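Let's take a walk through this structure together. Keep the sequence and the 3D view open, and follow along as we go from stop to stop.

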Amino acid sequence: FLSDYTFRMSNKIQNSNISQPKKRKRKNRENKKTVLVNEESDDKVNNNAPPPVRNSDEPLPKKVKWNNKQRVLVFASRKIGLLGRHLMNDIRTILPHSKPDVKKEGKGNLEINNEIAEMKNCNKCIFFEAKKYCDLYMWISNIKNGPSIKFLVENAHTMTELKLTGNSLQGSRPLICFDENFKEPHLLLMKELLMQIFSTPKGHPKSQPFFDHVLVFSYLDDKIWFRNYQIVEEDGQLTEIGPRFVLNPIRIFEGSFKGETLWSNPKYVPPNKLRIDKKKMEAGKYVNTINQKHLRNIRIKDQNFVGDPTSEFFESESPEPKKKNKKMSKRNKNK
């Protein structure tokens, strides 16, 4: 009898323990419904109330989430020089939504950059490619579907090199300004890709919720000129911050670091060819001087110089010295 009684009581306790959390969940649901009903009633009452007032000293509440989740990977290849490395660091400071990475090893095979960007959870990429320790190329690319553009960086000057008076807070969002000359199809494509890369997303955790500098892209002499200015006053007064550089477009590819060429610059001349032409010009100067000396010697041999007949009029022959008497000389010796 006791064993049956204990068995029944143990089953009741187990059933009661299992059913208790279900009752609590139902109670919690009922409490949530009552809270929602009360909040809706409060909102209906407060619709006619005046808007809330915020003091100027109170900080703005930061949004944790942001919709435009653009992340840009900025890195370089081996053999990059001092100027290129400092320029890359300046671009990283301008872009608070950028991510760094170590230098890429190996020549060619640029498609690996897509895998590196995916590992870093980035959908845009700025890649600095160095060649022969003196030429610097910049790639900008949309990682997923392309396109990608290759530029030659010319006349680059960093922030520390310029030492300009302009200054801006780190992480502030920039105003992006493009020239009116961006009208052709390939220029519109460059404009859209540059805008997506250099514009800081709204609500990014590392960004500041205000604008205090302007990024200017102007198109002149078939090249893109980059400048960074600080907004000093509301009337439009600007001071340059830096860096500054010139982008000479070479090609636009269909994919990300691969694919067919959608556009190529017919006026582009490789810097290696310019150096070869310069050496030929310097070698031509030396050859020219040697040829001139040879021709001068030939002219001197062929010329017959005719003297002036009156040049010898006042010239007279020197008289012959008188011969001394030998006998007199002997007498003088004897004396």
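This is a predicted model: local features need pLDDT of at least 70, side-chain atom pairs count only at pLDDT 80 or more; totals for chains, interfaces and linings use all residues.

Our first stop is Glu 129, which sits in strand β3 (helices, H or I with at least four residues, and strands, E with at least two, are DSSP runs numbered from the N terminus). Residues are numbered from 1 along each chain as its sequence is written, and side-chain values use heavy atoms, with hydrogens and water left out.

Buried means under 20% relative accessible area, exposed means over 50%, and partly exposed is in between (1.4 Å probe, protein chains only).

Glu 129 does have a polar partner, though: its side chain and that of Trp 139 are joined by a polar contact of 2.9 Å. Such a contact is a pair of N or O atoms within 3.5 Å; within protein, one must be able to donate a hydrogen and the other to accept it, and residues adjacent in sequence count only if both atoms are side-chain atoms. Setting aside neighbours within four places in sequence, the residues in contact with Glu 129 (heavy atoms within 4.5 Å) include Ser 77, Leu 110, Tyr 137 and Lys 150.

The buried residues of α3 are Asn 113, Asn 114, Ile 116 and Ala 117. They're on the same side of the helix, because they cover an arc of only 165° around its axis, taking the directions from the helix axis to the C-beta atoms. These buried residues pack against β1 (72-76) and β3. Turn to the face pointing away from them, and you'll find the exposed residues Glu 115, Glu 118 and Met 119.

Just past α3 comes Asn 121, with a positive phi of about 60°. Asn 121 is in the loop between α3 (112-119) and β3 (124-131), and it counts as partly exposed because its relative accessibility is 48%. Asp 222 also has a positive phi of about 60° without being a glycine; look for it in the loop between β7 (208-220) and β8 (223-231).

On the peptide-bond side, Gly 146 and Pro 147 are joined by a cis bond with omega about 5°, and Pro 147 is in the loop between β4 and β5. Another cis bond runs from Gly 242 to Pro 243, with omega near 0°.

The loop between β4 (135-142) and β5 (148-157) also holds Lys 144. Is Lys 144 buried or exposed? It counts as exposed, because its relative accessibility is 71%. Lys 144 and Asn 123 are 21 residues apart in sequence, with their C-alpha atoms 6.8 Å apart in space.
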